[in-house]
Amino acid sequence: MKTAVIVFPGSNCDNDVVHAVSMVFGPVVSKVWHEDESLPEGTGLVVLPGGFSYGDYLRCGAMAAKSPIIAAVKEHARKGLPILGICNGFQVLTETGLLTGALLANRSLSFICDFCHIRVERNDTPFTSRYATGQVLRIPIAHYEGLFYLPQTELEALESEGRVVFRYCSPEGDTDERFSPNGSLNNIAGVINTEGNVLGMMPHPERASEDLLGSTDGADLFRSVSDWLEGGIQA
Amino acid sequence: MSVNYLDVGLKEQEYLAIMDILGREPNMQELRILGVMWSEHCSYKSTRPLLSMFPNSGGAVVQGPGENAGIVDIGGGWGAAFKVESHNHPSAVSPYQGAATGVGGIIRDILAMGARPVASLDGLCLGDESLQQSRSLADGIVKGIAGYGNAVGVPTVGGKTLYDGCYNGNPLVNAMCLGVVRLDSIVSSKTARPGHLAILVGSRTGRDGIAGAAFASSGLADDTRASRPQVQIGDPFVEKLLIECCLEIHSKGLMVAMQDMGAAGITSSSSEIAAKSGTGIVINSELVPLRENDMEPWEIALSESQERMLLVAEQENLPEISKIAAKWELECAAIGKVTDDGQFVISDKGKIVVSLPAGMVGGSCPVISWTSREPSGRKATSQKGTTFSLSPHMIEKHLVTLLSNPSLSDKSGIFHQYDYMVQTGTVVPPGSAASIIRVRENGKLLGLAMEVDPWKCEIDPFTGSAEVFLKALRSLWVAGAEHLGMTNCLNFPSPEDPGNFWVISRCVEGLAAVARDLVCPVVSGNVSLYNESGDAKILPSPLVGVTGTFRDIAKPLSESFSCENETVFLAGFSKGTLNGSHFARAMAVEQNHREFPYLPEKEKIFMHSAIETVRKGLATSGRTVAGGGLLVSLAKMCVTSGIGISIDEELPLDDLAVFLFGETGPRAIYTVTENLEKDFASIWSGIPLIKLGQTGGKTFTIKGLLEIPVNEIARAWRR
């Protein structure tokens, strides 16, 4: 699976994604500098990694969303190819308009780094085919602005279109709001676009791709994308 | 404005020494520079003879003290560069920025070795938790570490936090960083040659933090608000760019030397490079990119603006270096040149404003030998052991009291604010005695531990500081790691008081003894004196950071119970002592200045058994008996696993308080499956081994003495 990881000034999970994807698929990952105007030939998956692009001094992701590479990312999306935004990458995707919603400061008003549980709401996406619907994943979060927010009517539309892919939950899969670590509306941890090829999520699958680090639940996300790109599963 | 030597913090004999070296009076600009460079913070003038006691070579040491950080060999052609540094005074004045720039500064020290920073740890000694002022300082400090460390992308994997009223006005913030570097590409500051360019990369230079080093070298004023301009402001985003930029320049072989700009900014970085390389250096102050206009040359030279590095490179590499800096959106300017005359020169638009021997600026401040005298109060104390008559029905109450003591209770409220997982190498996260990371570059595991125990150092500075060092080492051993080296931060009050200086000396001797006897060289460190405010001074607080590797061990030993129905053993020498313990302070037990046992040979035997236990896979969990003693350590094993324990052994009722709550000495708790008990016992043969009981159930039970549900332990510990 040819993967391109976009590097913005201030990205700090780019090497982690490269490491995780390389472990699953071998050395097929390239880092793409934000000032580049095109993606490498034959790119399958594009990842916008976590970090603090431009220091997040303005709204998180707002500066990165204006980078030269974003035009190529949008073009990739238009072609129906998979794009994954993780943490700050999710924030960038909302700022580019590729995804709806906004990520606000956590309800606790402090940074939270911890393992949490998320429930897979759909397994008919390019990113989740290796999971079962309802499966609970153990996966880390690390963010200050992770509270997913949408105005009520848009939130209802998002839900009715089934565009919520991951929800925070208890280890048993209960999605009561007390199991949302950051106060996200409807416990939303990850959403997908209408076309089903752009996924944004606050949890870090690359941090849950090795036994040594305490969970391998994230690795199947990368495997799912690879299956999809190879034509195994159609969304 | 005219200044004299007193204004810049120099003493009369120092001024006379300057006159003697120069053969003339220094001008105003030179005086200001020497005032900073000859401050305690930059010159170590009070402690240099003491620090020379530390063994600093041999074993795994690749680079000892003298560079920006020490380096130990961690195998596979890779080294670990590590160091701890204080940011105490700035954090007292401006907790968020003080702590944040402390993290930033130590990261640049590691970067200056050519290493990629991969882990941070923080030692925090905070004031009385019941006071609003202390809580507010503590909150700012933690938020500052989080704000900087998280954005810069270096995981905060561990540390140590404790509370005592002595830190009310003067909290301690000691930041440690570890980075990895290929052994064949270590950067030195000794390799500059005449003709090389001095290139400044990073932020613009402003008026922030001017003379911060001198500020760090005296006691804190009653009203610390007046000192705020001496605190620097950090920008972790620029630091992140600086890391990537400098590592890229280094990976392309474009630089010959590098130095971070911390205390005393351009002056210290350039004069140290010149002094260590045996060259001179000229800095053209008008070439320094400035943040504000009309800065005097001495202000430019002494500014402590953050996120700047000084690179030394061949002229021909400047265009390529500038290109890389531009890619990372950083300022890059050739601000001077390495010369052959041994002089540190600042030139301002062609006019020489400072010309001093580089060695004089960068390192030849005369040593001050302060008087050392054992405080008279200490000698008269009784030599009898500390005792306490413990009523069995009070044990549960004592346990709950200790677990909810802020120094012993759960610290997850702090460390969950830190990104401790970025770089995907954190194998054992903060919250355990030893944090463990996997180094991506060579695939190996590294253990890291940090310790500080002011109360034991106050009881007896020599054996107390030895115990601090040993506590850190035991944490590594029980996890399965073999130690490689140590770094330390010597936090003390003023050395000018003979009693204080005696304590400082004895603490250094204690640390040096362990370094020598256990063969754990001291590769780097930092000294922070004058930790006083008003009438209050801190307790002696030397802090130790150690690192170690795992040989033939794939998985470190967990600190939490893993299964029910396993046998619980207490292994090791010493039943501990109440003197200097958390229990003694909580119960106001009379304590005395009695030495703790220091038994290096027994520590070695303990070390071998502990590491063999992990290597042979004989235990399912293990934890050193540390703060709070045996009962607290057992309770923590219960609460972190949710598994209870039942102790049915006859306990020594005559000395129950010491047995249950005593601290110090090499001891650990292990859980062992039944089929491995014999092998386990044989590894520990010749060492006292007590079979305490069994894991299982949901209560912590000691037959006839204690029965407390694990969830009540959790409530007390999590407060």
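Q: What makes helix 7 and helix 9 of chain B count as being in contact?
A: In this predicted model, B:Tyr148, B:Ala151 and B:Val152 of helix 7 meet B:Pro236, B:Phe237, B:Glu239 and B:Lys240 of helix 9. Residues are in contact if their C-beta atoms lie within 7 Å, and these residues of the two helices of chain B meet. The residues of this contact are five nonpolar, no polar and two charged.

Q: How do you know at what angle helix 7 and helix 9 of chain B pack?
A: The angle runs between N-to-C directions of fitted axes; for helix 7 and helix 9 of chain B it comes to about 35 degrees, with the axes 8 Å apart. The crossing of these two helices is right-handed.

Q: Which elements of chain B each supply at least two residues of the side that touches chain A?
A: The contact takes 22 residues from chain B and 22 residues from chain A. On the side of chain B, helix 7 (132-152), helix 9 (236-251) and strand 14 (426-428) each supply at least two residues. That side of chain B divides into 10 nonpolar, seven polar and five charged residues.

Q: Why does the radius of gyration of chain B agree with that of a compact globule?
A: For 719 residues, the rule for a compact globule gives a value near 27 Å, and chain B has 26 Å, so the two agree. Along the principal axes, the C-alpha atoms of chain B fill a box of roughly 85 × 55 × 40 Å. Of the 719 residues, 61% count as buried.

Q: Why is B:Val625 called buried?
A: A residue is buried if 20 or more other C-beta atoms lie within 10 Å of its own. B:Val625 has 28 within that distance, so B:Val625 is buried. B:Val625 is found in the loop between strand 23 (621-624) and helix 22 (629-641) of chain B. Beyond its neighbours within four places in sequence, B:Val625 is in contact with B:Leu630, B:Ser633, B:Arg667, B:Ala668 and B:Ile669.

Q: How do you know that both faces of strand 8 of chain B are covered?
A: In a regular strand the side chains alternate between the two faces of the sheet. In strand 8 (residues 257-260) of chain B, B:Ala257 and B:Gln259 lie on one side, B:Met258 and B:Asp260 on the other, and all are buried.

Q: What makes strand 8 and strand 10 of chain B a pair?
A: Two strands pair if there are at least two bridges between them. Strand 8 and strand 10 (residues 308-313) of chain B are joined by four bridges and run antiparallel, so by that cut-off they pair. B:Gln259 has B:Leu310 as its bridge partner in strand 10.

Q: Why are strand 23 and strand 28 of chain B called edge strands?
A: Seven strands of chain B form an open sheet in the order 23-25-22-26-24-27-28, with mixed pairing. Strand 23 and strand 28 (706-709) each pair on one side only, and these are the edge strands. From one strand to the next, the twist averages 20 degrees.

Q: How many bridges join strand 22 of chain B to strand 26 of chain B?
A: Five bridges join strand 22 (residues 567-572) to strand 26 (residues 689-695) of chain B, and the two run antiparallel. One of the bridge partners in strand 26 is B:Ile690, which faces B:Leu570 in that pairing. Helix 25 (residues 710-718) of chain B packs on the sheet, touching strand 27 (699-702) and strand 28. The direction of helix 25 makes about 75 degrees with that of strand 28 of chain B.

Definitions and conventions:
Residues are numbered from 1 along each chain as its sequence is written. Chains are lettered from A and ligands numbered from 1 in the order in which they are written. This is a predicted model: local features need pLDDT of at least 70, side-chain atom pairs count only at pLDDT 80 or more; totals for chains, interfaces and linings use all residues. Ala, Val, Leu, Ile, Met, Phe, Trp, Tyr, Cys and Pro count as nonpolar, Asp, Glu, Lys and Arg as charged, and the others, Gly among them, as polar. The radius of gyration is taken over C-alpha atoms; the globule rule is 2.2 Å times the number of residues to the power 0.38. A residue is buried if 20 or more other C-beta atoms lie within 10 Å of its own, exposed if 12 or fewer, and partly exposed in between; C-beta atoms are placed from the backbone. Axes are lines fitted to C-alpha atoms, for helices over the stretch in contact, and angles run from 0 to 180 degrees between N-to-C directions. A crossing is left-handed if the near helix is turned anticlockwise from the far one by less than a right angle, and right-handed if clockwise.
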